[in-house]
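Colleague: Could you take one part of this model and go through it closely, setting it within the chain as a whole?

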Amino acid sequence: MRPFIICHMVTSIDGRLHPSRFTPAAVGVSADVLRGHYEAVAGRFGAEGWIVGRKTMAEMAKGHERAVADAPAVAREPHVADQKGRSLAIAIDPAGRVHYGRDNIGGDHVVAVLGERVSDSYLAELREDGVSYLFAGPEGDDLPGAMAQLATVFGVRTLLLEGGGRINGAFLRHGLIDEFSTLIHPAIDGVAGTPSIVDYDGADGERPGAGQALRLIGCETLDGGMVWLRHAVEQAPGSAAHG
Ligand SMILES: NC(=O)c1ccc[n+]([C@@H]2O[C@H](COP(=O)([O-])OP(=O)(O)OC[C@H]3O[C@@H](n4cnc5c(N)ncnc54)[C@H](OP(=O)(O)O)[C@@H]3O)[C@@H](O)[C@H]2O)c1
């Protein structure tokens, strides 16, 4: 078993990722109202945490690398720190590049999903910070295994996947997205090559959504002209189920 995973993203009408690049709100439309929809809608799912890729987490974490002297060699097993009943802030960080310096991001308890090859010193740093961690195989790329551990070790049932585009693409490729929740800004980026909300990083010709089909399950217009779309991800007709 793994948690139900909802990819919750805000985008321009051309599917781009960076709100700072979007055209401004039209006259009479409040940019603050538009900005506020993301967290408000996220709260409606009752999720027990959120997941982001290493790059996105690195922009939020404020810690610095520290060498922990005489770090003991520890087994590559999940470490559960004191969650204190908080939601989870989960980083997919195969090489252990993010430094936290505390046990939370915005009040949510940090769980690092790592590759087994990270150093003992890095693991000691995380334990000192009060951060939880678990392993996604030797290279940190066993995302299905990591999600299963979040269910069994942390007991979570619903998680939001909140970008960036590359980690969203990896989850899509693994068939790990159950639903897309997409907030479409009344705005455009418009520049070719700008990152989009799903940006699979794979070989030419690969189709990360192969075998999957999307069904529209909700469409709501929110204040200021933001459009909230919900799509359930189903097995495509005639395709084998993901393992
Ligand atoms: N619309 C929004 O408001 C919104 C939401 C979220 C993020 N963002 C922005 O998105 C930008 C980052 O997006 P991004 O797509 O470049 O990065 P990302 O998805 O945040 O992180 C990508 C990183 O995740 C790690 N990763 C782990 N497993 C992976 C796998 N199987 N496939 C690919 N990567 C994997 C890799 O770290 P290593 O390189 O260490 O291996 C990779 O470089 C940031 O600027 C952030 O601000 C915007």
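Modeller: A definition comes first: two residues are in contact if their C-beta atoms, placed from the backbone, lie within 7 Å. With that in hand, and bearing in mind that this is a predicted model, I would look closely at helix α4, which runs over residues 143-154.

The buried residues of α4 are Leu-143, Ala-146, Met-147, Leu-150 and Phe-154. They cover an arc of only 100° around the axis, and therefore lie on the same side of α4. As for their partners, the buried residues of α4 pack against the strands β3 (88-92), β5 (108-114), β6 (132-135) and β7 (158-161), and also against the helix α5 (165-173). Just after α4 comes Gly-155, which takes a positive phi of about 70°.

Turning to the setting of this helix, the chain has 5 helices and 10 strands. Its radius of gyration is 19 Å, close to the 18 Å that the globule rule gives for 243 residues, so the chain is as compact as a globular protein of that length. The C-alpha atoms fill a box of roughly 60 × 45 × 35 Å, taken along the principal axes, and buried residues make up 35% of the 243 residues. Among contacts between residues at least 6 apart in sequence, 73% join residues at least 24 apart.

Terms used
Residues are numbered from 1 along each chain as its sequence is written. This is a predicted model: local features need pLDDT of at least 70, side-chain atom pairs count only at pLDDT 80 or more; totals for chains, interfaces and linings use all residues. Helices (H or I, at least four residues) and strands (E, at least two) are DSSP runs, numbered from the N terminus. The expected span of a helix is 1.5 Å times one less than its number of residues. A residue is buried if 20 or more other C-beta atoms lie within 10 Å of its own, exposed if 12 or fewer, and partly exposed in between; C-beta atoms are placed from the backbone. The arc is that of the directions from the helix axis to the C-beta atoms. The radius of gyration is taken over C-alpha atoms; the globule rule is 2.2 Å times the number of residues to the power 0.38.
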